[in-house]
Amino acid sequence: ASVVRRLWKGHASAGMLSPRLQRAMKDYMSANKHHVFYNGHRKGSQSAKALLCQMKAEGQLKTVDGLEEPFSSLGWADFVPSRPLELLNKRQQGRSGFKSCAVVTSAGAILHSRLGKEIDAHDAVLRFNAAPTEGYEHDVGNKTTIRIINSQILANPKHEFNTSSIYKNITLVAWDPAPYTVDLQKWYASPDYNLFGPYIDHRKAHPDQPFYILHPSYVWRLWDVIQSNTQENIQPNPPSSGFIGILLMMALCEQVHVYEYIPSMRQSDLCHYHERYYDAACTLGAYHPLLYEKILIQRINTGPQSDLRRKGRATLPGFSTINC
Ligand code: C5P
């Protein structure tokens, strides 16, 4: 709980994690599975505005567009949606984009929050991976505009990606970690989980459903933002889906409300609201640099502390509203 209280105040460090989580972190550091080699700068404590401007500059959306090898030779330019993800919020010409957006994390702490109505009142709602709404509407709402899915969702049959209704009639955004050098040939030959085959199959079966794969350079530039603003060495693994989703919505919306990312007073070790599985790593991170991500989001939160405590709600400005 003390890590959480410090998160509310905008400070935390790996030294506050339990010995088990610290050990897990160290193991991921020495494994360095994605061959991360950071040679960028480390910024001192820059202002919230400067941090936002860095996020805006580094967080320009980029998806696999089929114009680079090996995807170009494989004909991917014809498979990916013709309308870029950046224009998702601009439905018709002349219509402005999403004004208000909600990012709903899957944290167990959202149970009993009764935030469902508030969440559904946003223009667009982002959810993650296999998180359901059915049976949890009162706490998480039932509107879904975009779902971010990691490659395990596509690769593992247990998630029933092709049949489950939670992946239908919405925009899908998938991601998978490439090597840090963003070698697309290597990535295509050995993704973390094979998402490429299922992606093409799904595009052919549902050509009208907007479905994108984030470019691995987008994912690693977000990681760079976290490392460059952190004095400690962070885990050499991609940011969590949560961080990716928050920055994605900052690129698409004028204002973003993030729910139960910075834990509320309901904080618990319950990993997901829809599963009876308890592990503090889900909230504070082991594989992902989650604690450091949360410190950054806390630094750019413009909402009151009472929103954090009561609703686990952070309020963030969209990139289009900040002048850098
Ligand atoms: O577990 P999963 O990645 O599907 O959850 C979606 C996102 O919600 C995570 O990537 C993480 O950013 C956030 N989350 C959290 N605390 C939890 C569970 C999830 O902050 N207990």
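I call a residue buried under 20% relative accessible area, exposed over 50%, and partly exposed in between, using a 1.4 Å probe and the protein chains only.

**Entry 1: ground rules.** I am reading a predicted model, so local features need pLDDT of at least 70 and side-chain atom pairs pLDDT 80 or more, while totals for chains, interfaces and linings use all residues. I number residues from 1 along each chain as its sequence is written, and side-chain values use heavy atoms, with hydrogens and water left out.

**Entry 2: asparagine 129.** Is asparagine 129 buried or exposed? I looked it up: asparagine 129 counts as buried because its relative accessibility is 17%. I found asparagine 129 in the loop between β2 and α5 (137-140). For helices (H or I, at least four residues) and strands (E, at least two) I use DSSP runs, numbered from the N terminus. I also checked the backbone. Asparagine 129 is not a glycine, yet its phi is positive, about 45 degrees.

**Entry 3: the ligand's neighbours.** Which residues are closest to the ligand? I noted Asn129, Ser240, Cys271, His272 and Lys294, out of 15 residues that surround the ligand. A residue is near a molecule if one of its heavy atoms lies within 4 Å of it. I sorted the shell by class: six nonpolar, eight polar and one charged. Here Ala, Val, Leu, Ile, Met, Phe, Trp, Tyr, Cys and Pro count as nonpolar, Asp, Glu, Lys and Arg as charged, and the others, Gly among them, as polar. Three helices each give at least two residues to this shell: α10 (241-252), α11 (281-284) and α12 (290-300).

**Entry 4: polar contacts.** I looked for pairs of N or O atoms within 3.5 Å. A polar side-chain atom of asparagine 129 is 2.8 Å from a ligand oxygen atom. Threonine 283 brings a polar side-chain atom to 3.0 Å from a nitrogen atom of the ligand. Cysteine 282 uses a backbone N or O atom, 3.2 Å from a nitrogen atom of the ligand. Next I checked the cover. Alone, the ligand exposes 440 Å², and the protein buries 89% of that. These areas come from the Shrake-Rupley method with a 1.4 Å probe.

**Entry 5: helix α12.** I went back to α12. Ten of its eleven residues are buried. Lys294 is one of them, and Leu290, Tyr292 and Ile300 are also among them.

**Entry 6: strand β2.** I found arginine 127 in strand β2 (residues 124-128). Arginine 127 counts as buried because its relative accessibility is 1%. I then compared positions. Serine 151 is 24 residues from arginine 127 along the chain, and their C-alpha atoms are separated by 15 Å.

**Entry 7: tyrosine 136.** Tyrosine 136 lies in the loop between β2 and α5. I list tyrosine 136 as partly exposed because its relative accessible area is 24%. Valine 125 is eleven residues from tyrosine 136 in sequence, and the C-alpha atoms are 15 Å apart.

**Entry 8: two backbone checks.** Where is histidine 112? I found histidine 112 in the loop between β1 and α4 (116-120). Histidine 112 is not a glycine, but its phi is positive, about 70 degrees. Histidine 112 counts as exposed because its relative accessibility is 65%. My last stop was proline 70, in the loop between α3 (48-58) and β1 (98-104). A cis peptide bond joins glutamate 69 to proline 70, with omega about 0 degrees.

Methods:
Polar contact = N/O pair within 3.5 Å; in protein donor to acceptor, adjacent residues only side chain to side chain.
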